Amino acid sequence: MLNITINDRKLQAPEGWTILQAAREHGISIPALCDSEGVEPYGACRLCMVEIKHGNRSRLVASCLYPAEEGLVVETDSERALAARKVTAELMLARSPHAKKVQDIAAALGIKHTDLVIKGTDCILCALCVRTCREVVGASAISLSNRGVEREVAPPLGETAHDCIGCGSCVYVCPTNFIKMDDVDGVRKIHNWKVEFKMKKCKVCGNYIAPEKQLEHFSKKLGIPLDFFDTCTTCRK
Ligand code: FES
């Protein structure tokens with residue numbers, strides 16, 4: 001176990017944990033948007049910045065990436081950390097002013113409104129969709145491409161996401177509702193990736209279950225016979 005100090009509290013954290021994990025474990029809250037259970041930390045949003053101290057020197061680090069170290073001293077709400085977080089939250093709000101999650105994060109930091117306007121899309125480049133698609137679903141249908149102001153989440157070469165299975169995980173994890181999906185008359189469309197999928201119907205009740213391609217993917221991945229998905233979970237009981 002490592003001995004660390006967070007906000008003057010002496011705590012212990014197992015080797016390999018990040019500062020964010022240690023803080024959460026001990027009930028200390030740090031805002032974090034691009035960190036999520038089930039995917040590797042990525043350090044994109046910078047909302048989780050905290051100040052760490054080594055002797056007389058201090059610096060800001062992303063707590064979702066920085067590992068707990070023996071003797072580490074952390075201040076989660078120092079003046080510098082809060083100032084950095086506010087700048088980040090304001091930029092995020094300027095980019096995605098209608099996203100409830102972004103509004104809530106900004107409001108918690110005292111920002112209710114910004115006059116800044118960042119033109120572009122609602123995507124805040126947190127890459128939760130990319131990482132979930134790759135690490136949880138195992139499809140790797142989308143990725144981050146380009147640099148600077150051109151940076152975006154897109155299918156390979158900006159074309160159709162051929163490897164997309166239509167599960168919609170990217171839609172569910174997107175904190176700004178940037179990714180649009182609908183199910184109409186047995187067809188699922190994920191508009192951002194220019195893909196559509198035929199939905200499978202339950203052979204008992206006739207309700208749509210999920211895209212056929214998604215069921216084939218999970219049948220192979222989990223070793224479950226495909227006909228297991230002929231009926232929906234309700235009719236299977
Ligand atoms: S949660 Fe740490 S950078 Fe986003």
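**Reading the pocket, cores and helices of a predicted model**

Reader: Into which residue classes does the lining of the largest pocket divide?

Author: The lining of the largest pocket comprises five nonpolar, four polar and four charged residues. Here Ala, Val, Leu, Ile, Met, Phe, Trp, Tyr, Cys and Pro count as nonpolar, Asp, Glu, Lys and Arg as charged, and the others, Gly among them, as polar. The model is predicted: local features need pLDDT of at least 70 and side-chain atom pairs pLDDT 80 or more, whereas totals for chains, interfaces and linings use all residues. Residues are numbered from 1 along each chain as its sequence is written, and side-chain values use heavy atoms, without hydrogens and water.

Reader: How much space lies in the largest pocket, and which residues are closest to its centre?

Author: Rolling a probe the size of a water molecule over the atoms shows where empty space is left. In this model the largest pocket holds about 320 Å³. Its lining has 13 residues, of which Gln21, Arg24, Asp35, Ser36 and Glu37 are the closest to the centre. A pocket is an open set of points on a 1 Å grid over the protein atoms alone where a 1.4 Å probe fits, with protein on both sides within 12 Å along at least five of seven lines; lining residues have an atom within 4 Å of a point. The volume is the space filled by probe spheres set on points joined across faces, edges and corners.

Reader: How many helices and strands are in the chain, and what percentage of its residues count as buried?

Author: The chain has seven helices and 11 strands, which are DSSP runs numbered from the N terminus (helices H or I, at least four residues; strands E, at least two). Of its 237 residues, 42% count as buried, that is, under 20% relative accessible area with a 1.4 Å probe and protein chains only; exposed is over 50%, and partly exposed lies in between. The C-alpha atoms fill a box of roughly 65 × 45 × 30 Å along the principal axes.

Reader: Which residues have the most contacts inside the largest nonpolar core?

Author: A nonpolar core joins buried Ala, Val, Leu, Ile, Met, Phe, Trp, Tyr and Cys residues through side-chain atoms within 4.5 Å. The largest one has 24 residues, and Ile142, Val153, Cys164, Ile179 and Trp193 have the most contacts inside it. At least two of its residues come from each of α4 (128–137), α5 (169–173) and β10 (195–201). With four residues, α4 gives the largest share. A second, separate core has 22 residues, including Leu2, Leu20, Cys48 and Met49.

Reader: Where is Pro31 placed, and with which residues is Pro31 in contact?

Author: Pro31 is in the loop between α1 (19–25) and β3 (49–54), and is partly exposed at 24% relative accessible area. Beyond its neighbours within four places in sequence, Pro31 is in contact (heavy atoms within 4.5 Å) with Leu47, Cys48 and Arg85.

Reader: Which residues of helix α3 are buried, and which are exposed?

Author: An α-helix has 3.6 residues a turn, so residues three or four places apart point the same way. In α3 (residues 100–108), Val102, Ile105 and Ala106 are buried. Viewed down the axis, these buried residues fall within an arc of 95 degrees, so they line one face of α3; the arc is that of the directions from the helix axis to the C-beta atoms. Lys100 and Ala108 are exposed on the other side. The cover over the buried residues of α3 includes α2 (79–95).
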